[in-house]
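Q: Could we go through this model together? I would like to begin with the strands and then change topic.

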Amino acid sequence: MRKFPRILALTVVCAVSAFASGCGDEHIDTPLAEDAPVGTAGASLACSTRITYGERWIRPSGHTAQYDIASGLVTWDGTCINEGSNSYAVLSNGWRPYFTGSNACVMALDTDCAGATACSTRVTYAASWLHPSGHPAQYDDVSGRVFWDRACTNEGSNSYALLSNGWRPYFSGTGACGMSFRYTGCGGLYRNPVVPVDCADPGVIHDGTRYVAACTSGGAANAFPLRTSKDLVTWTSAGSIFPSASKPTWATGDFWAPEIHKVGTRYVAYFTARHSNGKLSIGAATSASALGPFTDIGRPLVHDTAMGMIDATFFTSTTGAPYLVWKADGNAVGRPTPIYGQALSADGLSLVGSRQTLISNNLSWEGGVVEAPWVVARGGYYYLFYSGNAYYNSTYAVGVARATSPLGPYTKLGSPILKTGGGWVGPGHNSVVTGPRGDMYMVYHAWNSAHTARVMLVDAITWPNGWPAVPSAPSASSRPMP
């Protein structure tokens with residue numbers, strides 16, 4: 001049975017909003033000693049429940065956390081009660097959290113008490129829901145994580161919502177969609193962005209103990225900031241690939257698009273930088289650890305005096321053969337932008353064989369650019385994720401192509417699978433990683449609302465009909481933890 005880590009935050013015995021009623025007068029704000037059990041301060045408790053609230057929660061005055069720790073097992077039946085312009089839920093311990101808007105209740109309940117279950121979602125529908133035949137309950141229980149971006153589509157005199165698992169509940173009346181979400185045993189909730197400062201072109205891997213992210217640094221003194229995380233949501237700074245004193249001697253600036261990959265028994269950082277002759281080139285540096293220190297190989301790995309070469313990624317075939325994939329920077333000189341692939345030596349530090357063109361910008365939504373490749377092998381296919389169009393505006397988006405062999409031929413899905421939405425502009429340059437609980441996630445950047453930084457976002461990938469999808473993304477609302 002999973003136990004919670006030590007809690008150093010305040011313990012709130014009755015943390016509800018000013019709209020709440022039926023709550024006792026106790027509101028203990030005593031910090032816990034480091035070794036004290038959670039719950040009422042200083043009490044000896046057998047178990048507890050963490051209640052994490054969605055972003056529409058009406059936070060009580062002075063309550064800075066987005067969660068409460070309650071003593072014992074706390075449950076909720078998923079019912080959301082509308083009251084004026086807000087709504088509330090009644091928990092089994094009598095707490096009554098309020099949320100802004102109708103049918104806006106979203107909570108995650110995680111416990112170390114007896115009766116804890118595997119991750120599941122209860123979707124409770126508003127009174128306007130059109131029940132399927134033979135379905136008398138007002139809710140559905142689903143294993144795993146299911147979510148909704150609150151979009152409601154009118155169809156005739158009714159309306160429907162599209163959930164992340166493909167379900168399409170209908171409601172009587174136009175604009176009548178309403179649902180509440182209870183997540184049990186899913187580890188809490190998170191909300192984008194997971195890195196709220198500039199972190200363009202995030203290259204993310206798991207090194208066996210943690211996730212490691214590297215981001216574009218441009219002309220900063222230290223090249224390619226590194227961050228680590230255990231859960232893809234909470235990130236901690238961890239130095240850089242190249243501190244200022246150890247930058248490659250052949251490079252003069254424009255440090256872009258870093259990725260760190262395990263190649264054999266060591267790690268290789270592939271990156272873009274501008275060569276002293278003015279051409280963008282792809283470099284490589286090695287380390288025994290994903291966090292460095294990294295040693296540049298002393299020369300570009302991919303260099304062309306006639307064309308810039310950028311955005312390298314590494315993958316291995318299902319037989320273990322290593323490959324490098326990258327983009328020719330044709331858009332900088334008014335030419336097409338092929339994405340190339342080529343086999344690598346076993347150490348990942350030299351190209352072998354001949355390069356192949358995997359895709360080029362031939363769809364209207366891609367504009368003058370395809371770039372930022374990432375390749376995943378799954379179910380007999382190699383999936384090539386890529387970004388297209390202008391990185392600086394709302395046309396930027398993520399597409400995908402697939403092939404049955406590492407170097408193609410690749411067939412594109414067609415329409416992008418991730419594009420501007422949810423308040424985020426120009427999502428793209430993604431990595432694909434397996435989350436802590438085995439599901440696949442896309443880590444990518446998008447412009448913040450001020451258009452001053454490309455911040456880092458995380459959203460779940462699903463696989464309907466043999467192709468990847470990123471449902472209800474880019475997300476702005478609370479989602480269950482990866």
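A: A strand here is a DSSP run of E with at least two residues, numbered from the N terminus, and two strands pair if DSSP finds at least two bridges between them. The model is predicted, so to speak of local features requires pLDDT of at least 70 and side-chain atom pairs count only at pLDDT 80 or more, whereas totals for chains, interfaces and linings use all residues. Residues are numbered from 1 along each chain as its sequence is written, and side-chain values use heavy atoms, with hydrogens and water left out.

Q: Which residue takes a positive phi in the hairpin of β26 and β27?
A: G379 does, with phi near 60°, and the hairpin has 2 residues between its strands.

Q: How many bridges pair those two, β26 and β27?
A: There are 7 bridges between β26 and β27 (residues 381–388), in the antiparallel sense. Within that pairing, A377 stands opposite Y382 of β27.

Q: What order do the strands of the open sheet have?
A: The sheet has 4 strands in the order β26-β27-β28-β29, paired antiparallel. The edges are β26 (370–378) and β29 (411–412); each has a single partner strand, so one side of each lacks a neighbour in the sheet.

Q: Is β26 mostly covered or mostly uncovered?
A: β26 is mostly covered, with 7 of its 9 residues buried, where buried means under 20% relative accessible area, exposed over 50%, and partly exposed in between (1.4 Å probe, protein chains only).

Q: And what joins β28 to β29?
A: Strand β28 (residues 397–403) runs antiparallel to β29, and 2 bridges join them. R402 stands opposite T411 in β29.

Q: Next topic: where does N361 lie?
A: N361 is in the loop between β25 (351–359) and β26. Its relative accessibility is 18%, so N361 counts as buried.

Q: Which backbone atoms lie by the side chain of N361?
A: A polar atom of that side chain lies 2.9 Å from the backbone nitrogen of T337. The backbone oxygen of G368 lies 3.4 Å from a polar atom of the N361 side chain.

Q: Finally, what classes make up the lining of the largest pocket?
A: The lining has 19 nonpolar, 13 polar and 8 charged residues. Here Ala, Val, Leu, Ile, Met, Phe, Trp, Tyr, Cys and Pro count as nonpolar, Asp, Glu, Lys and Arg as charged, and the others, Gly among them, as polar.

Notes. A polar contact is a pair of N or O atoms within 3.5 Å; within protein, one must be able to donate a hydrogen and the other to accept it, and residues adjacent in sequence count only if both atoms are side-chain atoms.
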